[in-house]
Amino acid sequence: MNCLIETRNLGKTVATSSGALHILTDINLLINAGESLAIIGASGSGKSTLLGLLAGLDAPSAGEVILQGKSLTALDEDGRAKLRNQLIGFVFQSFQLLPGLTALENVMLPLELSGNSQAKMIATEFLERVELKHRLTHTPKQLSGGEQQRVALARAFVTQPRILFADEPTGNLDQKTGAHIIELLFQLNLENQTTLILVTHDPVLAARCQRSITLEAGRLL
Amino acid sequence: MNTFKLALRLLVRDYRSGELSILLIALIIAVTGSSAISLFADRLQRTMDTQAAEFLAADLVVSSSTPLVDGWQEKATLLGLKQAQTVEFTSVLIEHEQLLLAGIKAVSEQYPLRGYLKNSDSDYATEQKRLQGPEPTKCWVEKRVLSALGLKLGDQLTVGEKPLTISHIITYEPDKRGDMYSLSPRVMMNYADLPATQIIQPGSHVHYFFQYAGDPKPLLDFKAWLKPQLNPSQRILDLHEDRPEVGGALTRAERYLGLSSIVVVLIAGVAIAMTTRRYTERHFDAAAILRCLGCTQSKILSLYTIQIVVLGITACTIGCFFGWLAQALLMQVLHSLLPQQLAPPSWLSLSFGFITGMVILIGFALPPILRLQQVSALRVLRRELQPLPASAWFVYGLATSIIGILIWRYTHDLRMTTTIIGSGLGSLMLLMLLVYGLLSYSRRLLPHLNLTWRFGLQNLLQERQASISQILAFSITLMAMVLSLTVKNDLIDNWKQQLPENAPNHFALNIFTEQLPLIQQDIKNLTQNDSQYFPVVSGRLIKINDAPVQQRVSKESEGKEATERDLSLTWSATLPKDNTILGGNWWTKDPKPGLVSVEQKLADNLRIKLDDVLTFSIGSEQFTARVGSLRKVQWETMQPNFYMIFSPGSIENYAHTYMTSFYLSPQQKNFLNSLVKNYPSITVLEVDLILSQFKTILAQLTTAINYLFYLALCAGFTVLFAAVYATLDQRIYRGALMRTLGASSSLLNKTHVLEFCLLGLISGVLAIILAEVVTIVLYHYVLHLTYHPSFWLWLIVPLSAAGVISLTGYWGLRDVVKKAPLQVLQQL
């Protein structure tokens, strides 16, 4: 299998009033294309920070992230943004849908950003795949949590990204809805041959992934 | 899909979701206000210019002591200008053995080029407007001519050698000036009859007026062509010089129009700054998601800039339309008060409203928009991440520059603009520091306060920076409103003082010393008032510090005329009422002879300084006096005013007469005939027509200014509401959380009212201090009005600000108290 993401001695430190706080220290990871990986750990162990660094949402304080052979550290913010647009999809615990936009418009947005003229058609198709065809014109406020997360899933997969990052995708949902979302997530992952990296507390979700890594106090166990 | 299309889509989606309403409304208010005022001010200005031109009866007038020069007529015709000519001179008329020194005015067919004449067919007939003077062989006379010479309408009046039929009584002529030719009883005749009078001979003392009217461009060309050719006896008349009482009032009114526009721009700026800030903060999440989805910083900036520009164009277009409607409505309301021929609205000023809107939008919206491109993509994971606030220097610098440019555009005076901006900004910064200190100090009070007060104050203190921005916004808006109120009131008061009811409307000159007691008694009997009598000695200024005065004047110098004719010199122990000493001292304590007080403008033109020695010639004698003081004279008061006033004991020995001014009602006008009959040597100048004309224009200006103020006030209040609403999000969130934790409605209500009350109170105090500082500077440098502190404003402004702001805040937050907290939080 070919390596898609690699981290070398990755670290994140922030300055606080009581001195430097090491959130992540010496993280070395290899993630292969098509693999599904769960990052687990207690609250405050640095899971979300690691996800942010892997996705290029944040810059590390030490070490580097290599994505498809390219060091993210060498790229500026705009370079990373471009890479995100081409390769990466996201699903968040708090859904992060734009409140003023309808479900369809939310899903169309990444396609529109990359200049896809078929945005509406493709977005509709993806919403159909998450069983929300009847909710196209509804805004996030009019959707339940589970429905919002399904819209978020559709938005994440609509550009057919190579990597999907999911931050506690079921964290805000009840067990039944969460299970449904997990089903969908893995189904879409399979269909699209996406590399899935997710952060979770949920052992059931972690168990669905091919591999799990555990963080404790910013270090890999 | 290109960025533009995407930006448009996002904008439409934002609009549909209601995100844009407050920003859009603020923008529309701003543009409506500025375009309504810009249109209204421009129309009024152009109407006033036309009216002002009426005061000269033309757009451009050249006065000359010689007949028309070859080539002028051809050049004016070539440029497409309309032309007219008038000739004025005094002549003694004799009828029925009665003598009368009359001011004769011969007018060509085209006169008047601007404005109109008024006459009547009989004593009791109503006046008629006329666009032409008398026909050949006819003449129009003032009513007094008829009674003085024992004539009636239809009789013959012989001017020089030419008998003319009196066809009408003249009641109004637009360009009636305050000199001897104009103020002696008027006889108006046709220009064609002039040669037949045989009065005008070489060397006769005659004033020719060549009048031109047309479009501004050819007029300017003609003026530029004419100026180098004028000989020393020819002069282009200027409203500000030749009709100072009208010119002064107009200049101030124009400045008020400018001020109103600045006030609206300022208020609009605050509204836009507040609402774009809110808009931006509500788009942080969207920007973060867009960044996650791969938008580059520059693309985010383009997306939002395009949205703001499109939003601006839409709002400006709607605003311009409403502005146009508002000014049309205003003009309709003012129709009966305004001159009948109103200048039409101009596209230029409409486009100015549009441009002003776009400039303030971009100037005030750019800093918050720039923050959006700084939003970190990581915000999707850590919502608390806020982009760095735009540099305060950048935000305030940009806003100040925009306001500065707009003020400069209105005043065309860089020094004045920098003075106003400097004083405003300086005091603002000082006051902000003070507020910062006050808020910091208040923190210490917190532990000693009860729950309501603690929550109320805490809300202000928690985000000190935000509170200071809000106070800044409220106080600038309030300051702008206070400023327009103060200036409006003082301007109108000043006009009222300048021309009180029963202001003197007649002058009597050449009263001999022996006639003085009798005339004083006669006038007092009639008017029941003690008029002031000034001694007058005719003399000419010939030397300044032993150098001939001609060396100090150039052809263009405004003081030239004063050196070419006799001046009316007077002496006085006390400083006349409307005079102010600008340099040196009045001789109240030490009235030594040989001192002179010089009018400041003349002193400037002739470069006369304190302690200079001036030589005067009176008849064949010469004498000198040292300049003891420089004086400001209010020429517009219609009181006897003097360029030179001497200390007692300086010129009493020279032959002198007296002059006075007094008020006569229209019914008392016949008194003039008995006055002239009893004392044939005296000259009476009637300025009642000029005064009533001036009063009309002041009344019109007053009404216009009042309406402008109401407009500014409306804009101010609306913006104040919008500004309060723009700050509610954080408070709603906090309120909902407090509700979740069990806070009672009454606690929440009290807290909100208290918080907004404090905000309003601080802003009100700040606003009034700022307004006072700016008013002082404005009065001193721009409007030349006397500053009076208005103590009641110090009470009213902070209290009403606290009232209005807390009521608005209470209204805006009422949902937090009534609705379920979750429902409130979901709606945020």
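Residues are numbered from 1 along each chain as its sequence is written, chains are lettered from A and ligands numbered from 1 in the order in which they are written. In this predicted model, local features need pLDDT of at least 70, side-chain atom pairs count only at pLDDT 80 or more, and totals for chains, interfaces and linings use all residues.

Chain A contains 7 helices and 10 strands. Helices (H or I, at least four residues) and strands (E, at least two) are DSSP runs, numbered from the N terminus. Chain A has 221 residues, of which 48% are buried. A residue is buried if 20 or more other C-beta atoms lie within 10 Å of its own, exposed if 12 or fewer, and partly exposed in between, with C-beta atoms placed from the backbone. Among contacts in chain A with a separation of 6 or more, 71% link residues 24 or more positions apart. Contact requires C-beta atoms, placed from the backbone, within 7 Å.

At the interface, 27 residues of chain A are in contact with 21 residues of chain B. Helix 1 (47-54), helix 2 (77-87) and helix 3 (103-113) of chain A each give two or more residues to this side. Helix 2 of chain A provides the largest share, 6 residues. The chain A side comprises 10 nonpolar, 8 polar and 9 charged residues. Here Ala, Val, Leu, Ile, Met, Phe, Trp, Tyr, Cys and Pro count as nonpolar, Asp, Glu, Lys and Arg as charged, and the others, Gly among them, as polar.

Within chain A, the axes of helix 5 (residues 145-157) and helix 6 (residues 175-192) come within 10 Å and cross at roughly 10 degrees. Axes are lines fitted to C-alpha atoms, for helices over the stretch in contact, and angles run from 0 to 180 degrees between N-to-C directions. The two helices of chain A are therefore roughly parallel. Angles under 35 degrees count as roughly parallel, over 145 as roughly antiparallel, 65 to 115 as roughly perpendicular and the rest as oblique. Residues meeting across this pair include L153(A) and F157(A) in helix 5 of chain A, and L184(A) and L188(A) in helix 6 of chain A. The contact holds 6 nonpolar, 6 polar and 1 charged residues.

The largest nonpolar core has 191 residues, and L153(A), A271(B), I272(B) and A723(B) have the most contacts inside it. Such a core is a set of buried Ala, Val, Leu, Ile, Met, Phe, Trp, Tyr and Cys residues joined through C-beta atoms within 7 Å. Helix 21 (residues 688-726) of chain B gives the most to this core, 18 residues. I272(B) lies in helix 9 (residues 244-281) of chain B. I272(B) is buried because 30 C-beta neighbours lie inside 10 Å. Its contacts beyond four places in sequence include A26(B), L27(B) and F364(B).

In chain B, strand 2 (residues 82-95) and strand 3 run antiparallel, joined by 10 bridges. Strands pair if DSSP finds at least two bridges between them. These strands form a hairpin with 2 residues between them, and H96(B) in the turn has a positive phi of about 45 degrees. Strand 3 of chain B also pairs with strand 9 (residues 186-190) of chain B, in the parallel sense, over 5 bridges. Strand 3 (residues 98-107) of chain B is largely enclosed by the rest of the structure, because 7 of its 10 residues are buried.

Notes:
Two residues are in contact if their C-beta atoms, placed from the backbone, lie within 7 Å.
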